[in-house]
Amino acid sequence: QGSPYVTSGQYAGSQQHRGAAEIQADGGAYVLGQLLGLNSHQATIGYVAGWATAAARSSDPTAIAAAVRAAADAVHHAVTTIGAGIGLHTPATA
């Protein structure tokens, strides 16, 4: 199985991959903001929703949810990997 992360070539090459990368980037920023006590919920929802349609290549809610879930899984993996690397214990996935 390939990497869950979007490469720079994929990012530049298609709206689908750019959408996934934007969701991953904003998801990571949202998690970091939450850890720092910042509330970016309102700004994040609209931004992610816009790119989720591009990532899903569809306006179907099920396809959009799947694209967001895939990006969230990639962000969760990155956060837990980095957290473990610096000695933080992160909660398990629900």
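These are my notebook entries on a predicted model of one protein chain.

**Ground rules**

I number residues from 1 along each chain as its sequence is written.

**Entry 1: the overall layout**

I began with the secondary structure, and the protein chain has 4 helices and 0 strands. Here helices (H or I, at least four residues) and strands (E, at least two) are DSSP runs, numbered from the N terminus. Reading from that end, I noted the order α-α-α-α.

Next I asked how much of the chain is buried. Of the 94 residues, 23% are buried. I use buried for under 20% relative accessible area, exposed for over 50% and partly exposed for what lies in between (1.4 Å probe, protein chains only).

The chain exposes about 6200 Å², and carbon and sulfur atoms supply 62% of that area. Such areas come from the Shrake-Rupley method with a 1.4 Å probe; for residues, only the protein chains shown count as cover.

I also looked at contacts (heavy atoms within 4.5 Å). Among those with a separation of 6 or more, 48% join residues 24 or more positions apart.

**Entry 2: the salt bridges**

How many salt bridges does the structure hold? I found 2, taking a salt bridge as a side-chain nitrogen of Lys or Arg within 4 Å of a carboxyl oxygen of Asp or Glu.

One joins the side chains of R18 and E22, at 3.3 Å from N to O. Both residues sit in helix α2 (residues 15–35), and because they are 4 residues apart, about one helical turn separates them. R18 is partly exposed at 28% relative accessibility, whereas E22 is buried at 11%.

Another pairs R69 with D73, whose closest N and O atoms are 3.4 Å apart. These two lie in helix α4, again 4 residues apart, or about one turn of the helix. R69 is partly exposed at 46%, and D73 is partly exposed at 40%.

**Entry 3: V68 and its neighbours**

I stayed in helix α4 to look up V68. Which residues does V68 touch, not counting residues up to four places away in sequence? I listed I23, V48 and A52. V68 counts as partly exposed, with 28% relative accessibility. I also checked V68 against G27: they are 41 residues apart along the chain, and their C-alpha atoms are separated by 9.4 Å.

**Entry 4: the loop residue R57**

R57 lies in the loop between α3 (41–56) and α4 (61–85). Is R57 buried or exposed? With a relative accessible area of 65%, R57 is exposed.

**Entry 5: a nonpolar patch**

My last stop was the surface, where L32, L35, L36 and L38 form a nonpolar patch with about 460 Å² of accessible area together. Patches are made of residues with over 30% relative accessible area and no salt bridge; like charges are joined within 9 Å, and nonpolar side chains (Val, Leu, Ile, Met, Phe, Trp, Tyr) within 5 Å. I looked up one of the four in more detail: L32 belongs to helix α2 and is partly exposed, at 49% relative accessibility.

Conventions
Predicted model: local features only at pLDDT ≥ 70, side-chain atom pairs only at ≥ 80, totals over all residues. Heavy atoms only, no water.
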